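Open the model in your viewer and follow along. Each stop names something to select and says what is there.

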Amino acid sequence: MKNIVLYKKLSAELMTRLRQQAQVTCIDDLSADGLARLRDALPGAHGLLGASLRLDAGLLDLAPQLEVVSSVSVGIDNYDQDYLTRRGILLTNTPDVLTETTADTGFALILATARRVVELAGWVRAGQWRKSIGPAHFGSDVHGKTLGIVGMGRIGEALARRGHFGFGMPILYHSSSPKPEVEQRYGAGYRSLEALLAESDFVCLTLPLTAATTGLIGARELARMRPEAILINISRGKVVDETALLEALQAGRLRGAGLDVFEREPLPADSPFLRLDNVVATPHIGSATHETREAMARCAVDNLLAALAGQRPANLVNPAALEVVRTAG
């Protein structure tokens, strides 16, 4: 039987399925002790399954028999694809099952930030609600406002659908190329990034982290946004220059921001973002529902077992690795 190393907890059902088909080593946490156990297990590993751990060459060089890395995520920025492909190691992810849930999170941040839900709920809990509220506590409407989406993939389209049909929002988008089908379905308009930033009431980032998107939204881009606009980030923290964003928020050049991702996670308790009333900060909860996380784990298990059985996984990220495997064979 093949050897699988898990560095993520799975349900009893999925564990039973894996143990029926492979020898399984479980790393319960990624503390120093857990990482030491992981390193000890890598020499015998044929498959890895987990998330939220950067697997660099220093670790993977310890795994000479490795055939597949199955990530329980849609994002793959924790992996060196070139390295994996050169070694003929398949990389898989779970792109489809979290689309709707992550789009829900994006809209939750839009609504919470625009209507000041977190700020005012805290105000009520603190006993400050002593009379009817006035303009100082008003929020801004969401319905009918312009939604700009940067990155029109699956999640971007799910956001566009919610905005168009649910809130009557004009939809603008920026992507690597125009998406005629999205324009037809949701009346969306393609824009350059500069034009989208200038025209949108809400700017929602839903694009992957790559060399091209790192720092995509910096001081110059933020300056193009309207002072009453709100920035929503459900992609990756490093897509935004956080120093520039803080300055814009503190200076009142933006109405607010809804942030589910950060350059450094977990977000430090002394982060300046946490001192701003016009920021809603959540702990990377994009796909964090019981139903979706179980579906993601099931998809990752399917990918892993298919690869170890010599089949092409449904969600293969680096198909070029298959040719390396064939050549070596």
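The tour starts with the whole chain and then moves to single stops.

**Whole chain**

Keep in mind that this is a predicted model. Show the chain as a cartoon: it has 13 helices and 12 strands. The radius of gyration is 22 Å, close to the 20 Å that the globule rule gives for 329 residues, so the chain is as compact as a globular protein of that length.

Now switch to a surface view. The accessible surface comes to about 15,900 Å². Carbon and sulfur atoms account for 51% of that surface. Of the 329 residues, 47% count as buried.

Colour by charge next. There are 35 positive and 36 negative side chains. The centres of these two sets lie 3 Å apart.

How far apart in sequence are the residues that touch? Take contacts between residues at least 6 apart in sequence: 60% of them join residues at least 24 apart.

**Two annotated spans**

Select residues 4–318. An unreviewed UniProt entry annotates them as "domain: D-isomer specific 2-hydroxyacid dehydrogenase catalytic". The span is 37% helix and 14% strand. Its end C-alpha atoms lie 20 Å apart.

Now select residues 107–286. UniProt, again in an unreviewed entry, lists this span as "domain: D-isomer specific 2-hydroxyacid dehydrogenase NAD-binding". Here the make-up is 33% helix and 14% strand. The end C-alpha atoms of residues 107–286 are 11 Å apart.

**Serine 52**

Go to the loop between strand S3 (47–50) and H3, where serine 52 is found. Is serine 52 buried or exposed? Its relative accessible area is 67%, over the 50% cut-off, so serine 52 is exposed. Check the backbone too: phi is positive, about 65°, although serine 52 is not a glycine. Most residues other than glycine have a negative phi.

**Glutamine 65**

Move on to the loop between helix H3 (57–60) and strand S4 (68–71), which holds glutamine 65. With a relative accessible area of 38%, glutamine 65 is partly exposed, because that value falls between the 20% and 50% cut-offs. Which residues does glutamine 65 contact, leaving aside neighbours within four places in sequence? They are Pro43, Gly44, Ala45, His46 and Arg87.

Then draw a distance from glutamine 65 to phenylalanine 202. The two are 137 residues apart along the chain, and their C-alpha atoms are separated by 48 Å.

**Arginine 116**

Select arginine 116, in the loop between helix H5 (99–114) and helix H6 (117–125). Here is another positive phi in a residue other than glycine: the value for arginine 116 is near 60°.

**Tryptophan 129**

Follow the chain to the loop between H6 and strand S6 (147–150), and pick tryptophan 129. Tryptophan 129 is exposed, with a relative accessible area of 54%. Leaving aside neighbours within four places in sequence, tryptophan 129 is in contact with Trp123 and Val124.

**Proline 266**

Finish in the loop between strand S11 (256–259) and strand S12 (279–281), the place of proline 266. Show the backbone atoms. Which form does the peptide bond from glutamate 265 to proline 266 take, cis or trans? This peptide bond is cis, with omega near 0°. Most peptide bonds are trans.

Conventions: Residues numbered from 1 in each chain as written. Predicted model: local features only at pLDDT ≥ 70, side-chain atom pairs only at ≥ 80, totals over all residues. Heavy atoms only, no water. Helix = DSSP H or I, 4+ residues; strand = E, 2+ residues; numbered from the N terminus. Rg over C-alpha atoms; globule rule 2.2 N^0.38 Å. Buried < 20%, exposed > 50% of the residue type's maximum accessible area, 1.4 Å probe, protein only. Contact = heavy atoms within 4.5 Å. Areas by Shrake-Rupley, 256 points an atom, 1.4 Å probe, with all protein chains shown as cover. Lys, Arg positive; Asp, Glu negative; His and termini not counted. Charge placed at Lys NZ, Arg CZ, Asp CG, Glu CD. UniProt positions renumbered as here; feature names shortened; annotations may be inferred.
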